[in-house]
Structures are given as structure tokens and as C-alpha cells.
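Colleague: I am new to reading protein models. Could you walk me through a few features?

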Amino acid sequence: MRTKPDLSFWKLWNLSFGFFGVQIAYALQSANVSRIFATLGADPHDLSYFWILPPLMGLVVQPLVGTASDKTWTRIGRRLPYLIVGAVVAVLVMCLLPNAGSFGLAVSSAILIGLIALMLLDTSINMAMQPFKMLVGDMVNEKQKGLAYSIQSFLCNAGSIVGYIFPFLLTWIGFKNTAAAGVIPQTVVFSFYFGAAILLGCVIYTLCKVKEWPPALYQEYNGGGETAADGTKEKTNLVKLLVKAPSTFWTVGLVQFFCWFAFLFMWTYTNGTIAKNAFDCPETTTIHGIAQTDANGKVVNEISAKYILVNGKDVVVDHGKATVAGIETADGKFIPASSVAILRDDMENLPLKSGGLDLSIPVKGIALPTPVVVNDLLYSVNGVSAYAFNTTVPTDGCPLLVNGTDTVLTPDFKLVDYLSRMEGPTVLTTADICTLDPKTGELVIDGASEVTLEDPSRASFRTSVVLNTESPEYNDAGNWVGILFAVQAIGSVLWAVVLPMFRSRKFSYSLSLLLGAAGFVTAGLFHDQYMLFISFFLIGCAWAAMLAWPFTILTNSLRGGNIGAYLGLFNCSICIPQIVGALLGGWILSFFGGADTLAPQHVMMIIAGISLCLGAIAVVFIKEHQPETNKA
């Protein structure tokens with residue numbers, strides 16, 4: 001078997017350049033997926049579950065792609081065809097995913113579309129990413145593999161920086177960074193569009209610059225498959241490969257488990273952590289439906305829906321918010337009302353909700369000094385957003401504008417919801433979509449069904465406390481997460497330059513993971529948005545080691561024609577920990593807080609840091625194997 005020749009720097013560069021475009025797509029996914037699903041209406045306790053399908057698909061697809069590419073020979077090569085397929089699918093899905101909330105669908109349907117798109121995107125990205133790792137194993141000699149994977153790491157992180165800062169830059173240019181409930185902001189949507197265009201360009205560049213070796217030349221440099229005792233070529237399969245896998249395959253895989261478990265939590269919970277800790281994002285209470293209990297307090301009936309109506313016309317729950325049946329004055333008088341505005345001169349800085357009322361026109365001669373409409377339970381008093389009925393709200397005798405026409409002067413009042421006004425068995429209509437026809441003004445109901453609430457006096461709203469994803473604070477935090485991930489990528493680029501300077505790979509590997517652990521813990525504790533630069537720079541050190549050393553250490557212990565299959569199998573050490581983390585994430589988060597309180601997502605960052613510490617300890621068990629010296 002001949003020794004592979006040294007390649008020029010630019011040939012090594014071209015082998016991995018497509019990684020730049022692939023990583024832009026991956027960065028957009030990792031930085032924005034939790035933001036997208038939270039905007040679509042997902043509960044924080046469920047966020048980790050949305051990450052199960054991508055690694056699950058990777059667990060199945062990657063070994064198959066690796067094995068199939070080992071046996072594929074075409075005019076353009078054995079690895080490049082999979083790059084083309086993966087990239088084309090990724091480009092198409094990148095145009096679909098950020099628009100999941102723009103089709104007017106129910107929350108469940110929008111999330112389902114988002115899940116399918118995420119599954120396809122992650123699978124296609126990994127399919128496009130694998131050929132670049134395999135090309136290095138195919139065409140680069142052992143002496144240059146460290147340099148080749150360092151170039152790959154540099155391009156990977158450069159692509160990450162571009163992908164991470166896209167939403168921030170587009171906001172700065174003038175794209176809208178907020179949108180209606182359930183709709184993804186323009187900054188995120190167009191970031192995916194631009195990322196898809198760059199990915200396509202990088203793939204075309206790779207196809208023009210990279211020429212794979214033909215089968216005969218490949219076998220001269222890499223050898224054939226395994227041979228049996230009689231000298232014939234032995235047929236192998238994935239199970240046999242695992243049985244014969246070197247110990248390095250398993251020990252590096254153990255380190256990978258703790259690393260990717262930690263980073264799954266980072267991708268899932270960074271948005272919520274930064275929004276609350278560093279940007280003081282306001283909270284909101286979302287209603288999921290109505291629960292009815294028996295005399296012992298046991299729930300006997302649950303009604304879950306995005307919209308709930310009574311009498312087929314009056315909306316009880318509108319897009320997760322209860323609606324106002326009316327107001328109850330201090331003397332016990334009930335006034336039915338579709339909208340109520342608090343008229344106060346000192347409410348200049350409060351958010352304004354029009355509720356369909358033109359506030360620029362005086363009503364009955366009353367000038368409207370920055371009123372705050374409390375339609376659909378969206379109201380503010382003294383700067384505090386309130387999302388609870390039957391709460392006495394002092395108004396110091398200021399007037400209330402009821403139904404846009406009448407005013408009531410009262411020292412205090414209570415907002416009253418439809419549920420509390422129901423008596424006796426009541427037929428409710430549940431619906432996925434409920435809107436007003438802009439032409440006729442009539443209520444349009446889609447996906448409706450009828451249920452009977454037997455005893456409204458024993459019924460209550462099922463609610464959860466979440467961050468307000470429509471708020472400027474949440475979306476500013478989402479952009480800042482991109483900046484922090486870019487800092488992580490910069491830290492990874494700089495640390496990748498330092499890594500080869502260490503005499504011991506294992507020492508530098510373990511040290512990098514410990515630095516990353518410190519970054520995760522401080523990311524969960526810091527409240528200053530700029531101090532977080534330190535945290536994510538340290539996380540970047542761990543990321544650099546994760547990109548460089550596992551594949552370098554593993555490929556040095558492999559030989560023969562099954563490199564692609566082994567690298568495909570090794571991707572299971574990336575997929576499995578993410579699946580485990582996704583399954584456990586919601587349970588762990590619920591352990592620290594229930595639905596009636598805001599989920600403490602910062603705790604998950606600290607747990608991620610602990611996981612990296614365990615990974616640093618596991619590095620000790622790795623035994624590096626040097627490949628056998630082969631003569632030409």
C-alpha cells in the first residue's frame with residue numbers, strides 16, 4: 001500500500017471549504033431553533049423534546065451514508081454525491097423552517113411542520129457535512145491530518161460566526177425583529193434565506209475544485225477491505241465493524257457522550273436563559289384549556305384548545321389568553337364589556353393595545369391620554385403587566401373606557417372572565433383557528449368541535465408561565481444569543497490555533513473541556529450581557545477540542561476501506577447523547593419548577609457544565625493508537 005502524498009495548503013483548504021457553508025446552516029439551526037419553537041407556542045418544558053428527531057435520524061442515516069459511500073463509485077466520486085443530495089435538501093428546508101408560523105395554522109400544526117423541517121434540516125446538514133470528514137480520511141496522510149482537521153475547524157467556526165450574527169446584522173440594517181404572535185420575525189427568516197444561498201455557493205465551489213481519486217488509485221493509497229484467513233476479501237457489516245472496533249472508538253465515544261449532552265442543553269436553553277437573566281424579559285401566562293374537578297378536587301375532564309368559545313360566538317380563550325366578560329365595580333355592579341381602557345395621565349410609558357379601537361379619536365368628548373386597553377386580559381397598571389382575573393386593581397378614581405364608548409368612574413374594579421360567569425352545564429366550542437373575516441367581520445372557526453362543561457363552578461383555567469416571545473426583550477435576547485455564539489466560535493478559532501502547541505493531545509483535550517465547563521456554569525449565573533462574552537469564549541475552547549481531537553485520534557487508529565463506515569458509526573456518539581439529553585431535559589427542568597412558575601432554564605446551563613467536567617475526566621481512559629507504518 002502506497003503512502004499518501006503531501007497535499008498543498010490550498011488543496012487541503014479546498015477539501016474542507018464547503019464546511020463553511022454547511023456550518024452556516026448548522027449555526028442558524030443551533031442558535032434559532034429554540035427561539036422558533038418558543039415563538040410558535042412551545043412550552044419551555046417541552047423544548048428539549050423537539051431535539052429528539054434530528055439526532056435520532058442521524059443515528060440511523062449517518063452509518064448508512066458512511067457505509068454506502070464506501071461502496072459508491074461515480075464519475076464525480078464516492079463522497080461528493082452525498083454532499084450534493086444533503087446540500088440540496090438543506091437549502092430547500094432552510095426556506096421552509098422559519099416560515100412554519102406564517103401559514104395561519106394552529107400551534108400544534110405549526111410545531112409539527114417545524115419538527116418535520118428540523119428533522120430534515122439536521123439530517124441533510126449531517127449528510128452534507130460527512131463527506132468533508134471522509135475526504136480527509138481518504139486523501140490526507142497521517143502527518144497532515146492534524147493540519148487538515150485544523151483547517152476544517154477554522155472553516156467550521158468561521159461559518160458559525162457568519163450564521164450566528166446574521167439576525168443581529170439584519171436587525172441593524174432595518175429588518176423587523178418582532179412579529180405577530182406565532183410568527184417568526186423577518187430577521188430570522190431572511191437569515192435562513194441568506195444562509196441557504198451561501199451553502200449552495202460553497203457546494204458548487206467544492207464540486208469545481210475537488211476531484212476524488214478513482215477506485216484503483218484509492219485502493220493503492222488506502223488498501224481494500226478486510227481479508228479472511230484464506231486471502232479472500234471478507235464481507236463485513238456494521239455489527240462486525242463494531243465488534244472489531246479499536247478501543248479508541250469506545251473511549252473517545254464516552255467523552256463525546258458527555259460533551260454532546262452538554263451542548264444539546266446549550267442549544268435548547270440558552271435563549272431562555274439569556275432572555276431572562278440578561279434582558280429581563282417579561283413573563284406571560286398562557287392558557288392551555290379548562291380543567292374540571294370533582295368534589296374531591298380530582299380532575300375529571302380537561303378541555304385543551306387554542307380557542308374556546310361559548311354560545312358559538314363569545315370567545316372564552318383567545319390564542320392562549322382569557323377574554324373579558326366584563327368588569328365588576330366596587331359596589332358589585334357587573335358591566336359586560338368587550339374592551340376596557342384605563343384612562344390615566346401617568347401611563348405614558350406603558351405598552352398600548354388598541355383592541356380594535358382608534359385611540360386617536362376622542363370618545364364622547366374625552367381626550368384619551370395614553371390609555372391602556374385591557375381587552376383579552378392584556379392590560380397594564382403602574383407598569384406591571386397583569387394576566388389574572390378577579391384581581392382588584394386600584395385606579396385612584398380614574399375613568400374606565402368600556403366598549404369604546406362608555407366611561408365608568410370607580411376607585412377600584414375587578415376584571416371578570418367568561419368562565420366565572422357561567423352557570424350550569426355549558427356547551428363550549430373548541431377550535432384550532434378562530435379569526436375575524438376582514439371583509440365581513442364575521443367569526444371564522446376552523447377545526448371546531450363541541451364539548452360540555454358540566455359544572456363551571458368546579459372549572460379552572462390550565463395555565464403555564466412562559467417568557468413573552470412577542471416582547472422586544474425576548475427578540476433582542478435572541479439576536480444577542482447569536483452574538484454570544486459568534487464569540488464562542490471566535491474563541492474556538494483562536495483556541496484551535498493553540499491546541500497543536502500542546503505536547504499531549506489528551507491533556508489539551510481535558511483542559512479544553514474544563515474551560516468549557518466553567519463557561520457553561522458562568523453562563524447560567526451571569527446577568528450582565530457583556531460578561532457573557534467570557535462564558536462563551538470559554539465554551540468555544542471546548543468546542544474547538546471537540547471538533548479537532550476526536551476525529552484525529554479515531555482516524556489514526558483506523559485502516560482499510562471501512563473509514564467511512566466507522567466515521568458514520570462514530571456519529572452515533574454525537575446522536576445518542578443528544579437523544580438522551582432531549583428525553584431528560586424536560587423532566588430535569590420540571591424538577592426545578594412547575595408549570596405555574598417560570599422554568600429556570602439557567603439551571604440547565606449549570607448541569608451542562610457538570611457534564612463537561614465528567615467528559616474531561618473520561619479523557620483519561622483514552623489510549624491513543626498510532627497507525628502501522630506502511631511501506632510503498
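Colleague: Let's begin with Arg 35. Which helix holds Arg 35?

Modeller: Keep in mind that this model is predicted. Arg 35 sits in helix 2, residues 18–40.

Colleague: What is the nearest side chain of opposite charge to Arg 35, and how far away is it?

Modeller: A salt bridge needs the charged atoms within 4 Å. For Arg 35, the nearest side chain of opposite charge is Asp 476, 7.1 Å away. Arg 35 is buried, yet has no salt bridge.

Colleague: Which side chains make polar contacts with Arg 35?

Modeller: One is Asn 475, at 3.2 Å. Another is Asn 479, at 3.1 Å. Leaving out residues up to four places away in sequence, Arg 35 also touches others, including Pro 167, Tyr 474 and Gly 478.

Colleague: Now the surface. Which residues make the nonpolar patch?

Modeller: Leu 254, Ile 610, Leu 614, Ile 617, Val 620 and Phe 621 make it. The patch covers about 590 Å². Helix 17, residues 602–618, gives the most, with three residues.

Colleague: Where is Leu 254, and why does it count as partly exposed?

Modeller: Partly exposed lies between the buried limit of 20% and the exposed limit of 50%. Leu 254 has 37% relative accessibility, so it counts as partly exposed. Leu 254 belongs to helix 10, residues 247–277.

Colleague: What is the phi of Asp 280?

Modeller: Asp 280 has a positive phi of about 50°, although it is not a glycine. Asp 280 lies in the loop between helix 10 and strand 1.

Colleague: Is Asp 280 buried or exposed?

Modeller: Exposed counts as over 50%. Asp 280 has 56% relative accessibility, so it is exposed.

Methods. Residues numbered from 1 in each chain as written. Predicted model: local features only at pLDDT ≥ 70, side-chain atom pairs only at ≥ 80, totals over all residues. Heavy atoms only, no water. Patch = residues over 30% accessible without salt bridge, like charges linked within 9 Å, V, L, I, M, F, W, Y side chains within 5 Å. Areas by Shrake-Rupley, 256 points an atom, 1.4 Å probe, with all protein chains shown as cover. Helix = DSSP H or I, 4+ residues; strand = E, 2+ residues; numbered from the N terminus. Buried < 20%, exposed > 50% of the residue type's maximum accessible area, 1.4 Å probe, protein only. Lys, Arg positive; Asp, Glu negative; His and termini not counted. Polar contact = N/O pair within 3.5 Å; in protein donor to acceptor, adjacent residues only side chain to side chain. Contact = heavy atoms within 4.5 Å.
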